[in-house]
Amino acid sequence: MLLPRQAHYHQRRLGQRDRIYRGSDGQLYCRRSDGTTGLIIGGIAGGALGNILAPGDAKTLGTILGAAGGAIVGTTIDRNSVTCE
């Protein structure tokens, strides 16, 4: 059974260090990150930084805005990394 290609993955040239594997269906595969790790780590780091930098009584708002911004940046960075195994 063939599965449809995922829309957010783009084709790219393989480098010398990239490794690919052949699935049981005969197709070649390369594992790519979906951004979840970057979302979590970016959210935590951004929240902590927002809490530290927020002035006075704005700690909660700073934490929320920092976590949101960190999550967005972390997801973007993580999705751009491609791991072929």
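This is a predicted model: local features need pLDDT of at least 70, side-chain atom pairs count only at pLDDT 80 or more; totals for chains, interfaces and linings use all residues.
Helices here are DSSP runs of H or I with at least four residues, strands are E runs of at least two, and both are numbered from the N terminus.

Figure 1. Residues are numbered from 1 along each chain as its sequence is written, and side-chain values use heavy atoms, with hydrogens and water left out. Going along the sequence, you get the pattern β-β-α-α. Of the 85 residues in the protein, 21% are buried (under 20% relative accessible area; exposed is over 50%, partly exposed in between; 1.4 Å probe, protein chains only). Take the contacts (heavy atoms within 4.5 Å) between residues at least 6 apart in sequence: 61% of them join residues at least 24 apart.

**Figure 2. Helix α1 (residues 36–53) against helix α2 (residues 59–79).** Two packed helices are described by the angle between their axes and the distance between the axes. Here the axes come within 6 Å and cross at roughly 150° (axes are lines fitted to C-alpha atoms, for helices over the stretch in contact, and angles run from 0 to 180 degrees between N-to-C directions). That makes α1 and α2 roughly antiparallel, a label for angles over 145 degrees. On the α1 side, the contact includes Gly 42, Gly 43, Gly 46, Gly 47 and Gly 50, while α2 brings in residues including Gly 62, Gly 66, Gly 70 and Gly 74. Sorted by class, the contact has four nonpolar, 15 polar and two charged residues (Ala, Val, Leu, Ile, Met, Phe, Trp, Tyr, Cys and Pro are nonpolar; Asp, Glu, Lys and Arg are charged; the others, Gly among them, are polar).

**Figure 3. The buried residues of α2.** Gly 62, Gly 66, Gly 70, Ala 71, Gly 74, Thr 75 and Asp 78 are buried in this helix, and α1 is among what covers them.

**Figure 4. Ile 44, a residue of helix α1.** Ile 44 is exposed, at 60% relative accessible area. Its C-alpha atom sits 7.4 Å from that of Gly 70, 26 residues away along the chain.

**Figure 5. Cys 30, in the loop between β2 (28–29) and α1.** Cys 30 is partly exposed, with a relative accessible area of 23%. Ten residues separate Cys 30 from Ile 20 in sequence, and their C-alpha atoms are 5.3 Å apart.

Note on methods:
Angles under 35 degrees count as roughly parallel, over 145 as roughly antiparallel, 65 to 115 as roughly perpendicular and the rest as oblique.
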